[in-house]
Amino acid sequence: MSVLINFLEEDAFPIALADFISICGFKQESEKHKRMLETGMGVRERGLGKIEAKALVAEYGPEAVRESAVAVDGIEFRCDSLYQMDRGKIRKALLYIVTAGECGCESEDIMDRLYADFWGTAYVDAAYELLRQKARSIYIEKEEAGLELSDAFGPGYYGMPTEEIKNFFSVLDGNSIGVKCLPSCVMVPIKSCAGILFVVEKGAKLPESSCLHCVGNRSGCQLCGRFEKRSLEPEI
């Protein structure tokens with residue numbers, strides 16, 4: 001069973017603003033950047049009605065986590081880097097789809113359109129961060145001590161192939177938050193993302209940080225060049 005979460009814009013805005021400034025590379029001491037930020041804020045105000053930060057989340061137990069996949073409802077989410085984790089210390093697997101809505105801009109000005117795109121990225125990042133905060137409040141802070149939340153495992157990260165995106169829409173009803181997956185595995189609205197968060201025991205082994213941007217391959221992690229090459233020389 002999935003849960004739909006609507007995030008308040010007033011909660012998302014502070015996170016989105018900091019992200020927007022970071023994306024644009026604005027410096028507080030620059031008068032030029034202050035003027036550019038004012039322009040960007042105007043773009044946000046005009047498109048604010050299109051920003052709808054939402055999340056759809058489904059919770060599964062540790063039995064869903066296999067050596068290199070998460071299997072739910074007869075569907076497998078292949079993620080090779082899972083073999084690095086201590087599955088005995090996984091408590092929950094949280095599947096999610098997050099969106100910031102259309103985040104469009106009707107202006108003909110190229111900079112306005114660029115700012116609108118940046119705001120869309122900032123708001124979907126904010127929605128994801130609010131989802132993490134919600135997960136922490138439910139699983140980490142209130143239920144019991146000794147647990148922590150993993151990074152996001154999703155298409156294009158930690159060895160999960162990008163085509164796995166379609167499986168999220170087989171398990172979760174993306175239409176309920178206005179998101180669909182095209183045959184090309186592109187989500188619409190574009191400012192959307194999907195993935196899996198794991199609630200694990202503190203100190204549990206997690207994949208190497210170098211695996212974060214791995215998009216996965218059919219050969220698996222064992223043949224990955226990121227890992228330290230062991231000497232072929234026989235031990236004496």
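Ala, Val, Leu, Ile, Met, Phe, Trp, Tyr, Cys and Pro count as nonpolar, Asp, Glu, Lys and Arg as charged, and the others, Gly among them, as polar. This is a predicted model: local features need pLDDT of at least 70, side-chain atom pairs count only at pLDDT 80 or more, and totals for chains, interfaces and linings use all residues. Residues are numbered from 1 along each chain as its sequence is written, and side-chain values use heavy atoms, without hydrogens and water.

**Exercise 1.** Describe the lining of the largest pocket.

Solution.
- Start with the term: on a 1 Å grid over the protein atoms alone, a pocket is an open set of points where a 1.4 Å probe fits, with protein on both sides within 12 Å along at least five of seven lines; lining residues have an atom within 4 Å of a point.
- Take the volume, the space filled by probe spheres set on the points: about 550 Å³ for the largest pocket.
- Find the centre: of the 18 lining residues, Tyr96, Pro155, Tyr157, Cys193 and Ala194 are the closest to it.
- Sort the lining: 13 nonpolar, 3 polar and 2 charged residues.

**Exercise 2.** Describe the second largest pocket.

Solution.
- Its volume is about 200 Å³.
- Of its 14 lining residues, Val3, Ile5, Val57, Ile138 and Tyr139 are the closest to the centre.
- Helix 3 gives the largest share of this lining, 5 residues. Helices are DSSP runs (H or I, at least four residues), numbered from the N terminus.
- The lining divides into 12 nonpolar, no polar and 2 charged residues.

Technical notes: Helix = DSSP H or I, 4+ residues; strand = E, 2+ residues; numbered from the N terminus.
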